[in-house]
Every structure is written in C-alpha cells, then in structure tokens.
Amino acid sequence: MTRFPRADYDAIRRYDPERAPVRVDLSDNTNLWGTHPGALERVRHASTDDVARYPELYADELRAAVSERFDVPMESVTTGAGSDDILDSTFRAAWGPGAHIAYAAPTFSMVEPFARMNGLDAHAVPWPAADVDPSLLLEGDPALVYVCRPNNPTGHLAPRGWLDELLAARGPDGPLVIIDEAYADFAGDTVISDAPEIPNLLVARTTSKAYGLAGMRCGFAVGAPLVALAVEKSRGPYKVGGLAAAAAATAVRDEEGWLPGVIERCLDNRARLMDELDSRGLQPLPSSANFVLCSAPTGSARRDALALRAVGIGVRPFSKIPELGDALRITIGPWEMMDDLLDALDRTFTRREAS
Ligand SMILES: *Cc1c(COP(=O)(O)O)cnc(C)c1O
C-alpha cells in the first residue's frame, strides 16, 4: 500500500449530483436566458495569443473590471477558476491543526467537501440562518464562518443587521466571514463594496449564474487587501484561463446593459411561478435568488425528481429541509420552460392524486 492519499480522503467522494442530460434542465441555477452577448463575442474573436500563450498571472484585466464596477481598490480583488476555486483556496489558507469552518445548514453543498479536502472540520449549525444566534456560529472559535446570501438552496436572504452582528461579534480578531454572493444579482442587495474596509470579510461572486458563463469557470472576490492577497497566495498563478477572464471582464463591465433586463425577466417569472406552485399546495419558500425551493409533491424528493426526469424535466432534490421536509429546487427560466415544468407536475402528480 502506498501512503497516498491522506487517510481522511476515505471520507470524501467524487461529486455526483446525478444530473444526466435532460430536455428542460432546471437543476443547476445557471442563466437559462443564455449568456452575456459581449462575453460570447469576446470568446468568438479569440486570437492565437489568447490560446497559445499563458494568460495573465493573476487575471488583472478582470480585477480591474471588478474594481471599477464595484468601486473597490484593485488590491482588494482576487479571482479564481469559478468561485468554487476561491472558496477552496480560502479554506486552504485558513487551515491549522484542529481548525474548523462553521455555517448554517442547509447551504451550498460544496462547503462541506471543500472543508474536508482542505483538512478543516465542518460544523453545521441548523437552520434557519436568519434566526441562528451569531454566537452559535462562533462557538469553539472557528477559523472561518461561511454564509451564503441569498442562500442556496432556500433562497433566503440573511438580514443585513444579522450580518453586521456576526461581523462585529469578534471583530478583526475573530474568524474570516465568507459571504457567498453567487445569487446577489437577483437579490439587489450586496455587501461587496463594503468589503475592502472590513478586515474579517470576504465576499465571493461567480460569473456562472446571472452572467451566464458557467462553462468558462470564473469567479472573483473582494476583501481587505491582506485577505485578497492571502487567497491569491493560496490559489497560485495562472489559474484563470485567459479567455475566461476576458469574457468575465466583459460581462462584469456590462456595457450593453444586458444584465438588468435578464434579472427583471427572471424576477417576473419567479413571482409567477411562486403563485403557480402555491396554488398547487407546494409551499414555495420566499426567494431572493433565481430559483425556488418548494415541497416535494409526494414527500420524497428523490422519487419526485426522478419522476420529473422521466418526462424530461430536471430539478434538484433535497431531503430534510426544515419547515418543508423533502423539497425540490427549481431554477427560474423563460416562461416556456416554467410551463413545461408545470405541465409535467400536473401530469405526473396532480392527476394521479385526483384519480
Ligand atoms: C453555483 C454556486 C457557486 C459556484 O460557482 P462557480 O463559480 O461556478 O464555481 C458558488 N456558490 C454557490 C452558493 C453556488 O450556488
């Protein structure tokens, strides 16, 4: 037997969301209206150098775009191959013997595996996040606290006052608080521009969701310069592909003003879908993101997701959601897709119950 890998890797599994291709995929919260037109144009006009040469060491063009867009100093901006890469690098930089990360659960499913991969213990404090006393998250002196705002999968937006309390509780001597703002574009509420001034805060963003660039694997984050620098050291150079960074910079600048229109359509359809789900008794939770979590029609999320998959609709099942039990997470998209989903729900569940 070799000594490879580390013993605690026995407990880590390869990611498998059971996501086979499907006709209408509402399972991963990507932008179902497509991609940023300027970003796509940039990719279409790739030069030989874009492909044959190494990209910038630390994606400075993207950092400059983020700096301008959010009015933050460039030294406060870091980037990664997806915001997953930023979380991973941040976790690695926080490691120490016995160090742990605390978070309110349920939340983003990658937090726990990224913690384990990086040798951190993961302490989940039960939901509901907004009502979790911040002192529960700070119990045992964590190295990191993770808050997804709005939260995936519930759509809940932790109130600003709660966040301020969490940040102030231990101040600069406390843990680094990571706010994952993957869905902040849909919430219209963000703390990204405040981050450079707060020594214990890192705000992570992705270009995979609202910007429609999931295939490019790009993300960015803003924090105090020392925090951003530590993440860059941990991540290493050349991690963001040149075309990905250039496309992301184009989308972040959004000179065409494409993003607000897409967000408006998304929020309209979210309200409309919530009404439809409500009228079917599926109790959708209020959402500040581009998805909705509702109860599973038969009470078994896995079975219901498989039944929908059989008729060409992909949704993401979750079990044991507080206040809902088994639940389905549905990405909001153009209304034809929502119609397909509602049709499938009616054909698969309502009629069977009625008969
Ligand atoms: C989708 C998602 C991400 C991942 O973003 P990438 O940039 O594609 O790695 C991060 N956080 C949350 C909460 C997400 O839902």
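This is a predicted model: local features need pLDDT of at least 70, side-chain atom pairs count only at pLDDT 80 or more; totals for chains, interfaces and linings use all residues.
**View 1. The packing of helices α4 and α9.** Two packed helices are described by the angle between their axes and by the distance between those axes. For α4 (residues 83-94) and α9 (residues 225-235), the angle is about 100° and the axes are 8 Å apart. The two helices are therefore roughly perpendicular to each other, since angles of 65 to 115 degrees are classed in this way. On the α4 side the contact involves Asp85, Ile86, Ser89, Thr90, Arg92 and Ala93, which meet Ala230, Val231, Ser234 and Arg235 of α9.

**View 2. The open sheet of β9, β12 and β11.** Three strands, in the order β9-β12-β11, make up this open sheet, and their pairing is antiparallel. Because β9 (291-295) and β11 (316-321) stand at the edges and each has a single partner strand, one side of each is left without a neighbour in the sheet. From one strand to the next, the twist averages 30°. Between β9 and β12 (residues 325-331), which run antiparallel, there are five bridges, and the bridge partner of Leu293 in β12 is Arg329.

**View 3. Helices α11 and α12 against the sheet.** Helix α11 (residues 258-279) lies across β9 and β12, and its direction runs at about 5° to β9. Helix α12 (residues 301-310) also packs on the sheet, where it touches β11 and β12, and its direction makes about 35° with that of β12.

**View 4. The largest nonpolar core and a second, separate one.** The largest nonpolar core has 77 residues, and those with the most contacts inside it are Leu26, Leu62, Leu273, Leu277 and Val315. Helix α11 gives the most to this core, with eight residues. Both domain 1 (18-33 + 258-348) and domain 2 (37-253) contribute at least three residues each to this core. Leu277, not counting residues up to four places away in sequence, touches Leu282, Gln283, Pro284, Val292, Cys294, Ile330, Leu342 and Leu345.

Note on methods. Residues are numbered from 1 along each chain as its sequence is written. Side-chain values use heavy atoms; hydrogens and water are left out. Two strands pair if DSSP finds at least two bridges between them. Helices (H or I, at least four residues) and strands (E, at least two) are DSSP runs, numbered from the N terminus. Axes are lines fitted to C-alpha atoms, for helices over the stretch in contact, and angles run from 0 to 180 degrees between N-to-C directions. Contact means heavy atoms within 4.5 Å. A nonpolar core is a set of buried Ala, Val, Leu, Ile, Met, Phe, Trp, Tyr and Cys residues joined through side-chain atoms within 4.5 Å. Buried means under 20% relative accessible area, exposed over 50%, partly exposed in between (1.4 Å probe, protein chains only). Domain bounds come from an automatic or database domain assignment. Angles under 35 degrees count as roughly parallel, over 145 as roughly antiparallel, 65 to 115 as roughly perpendicular and the rest as oblique.
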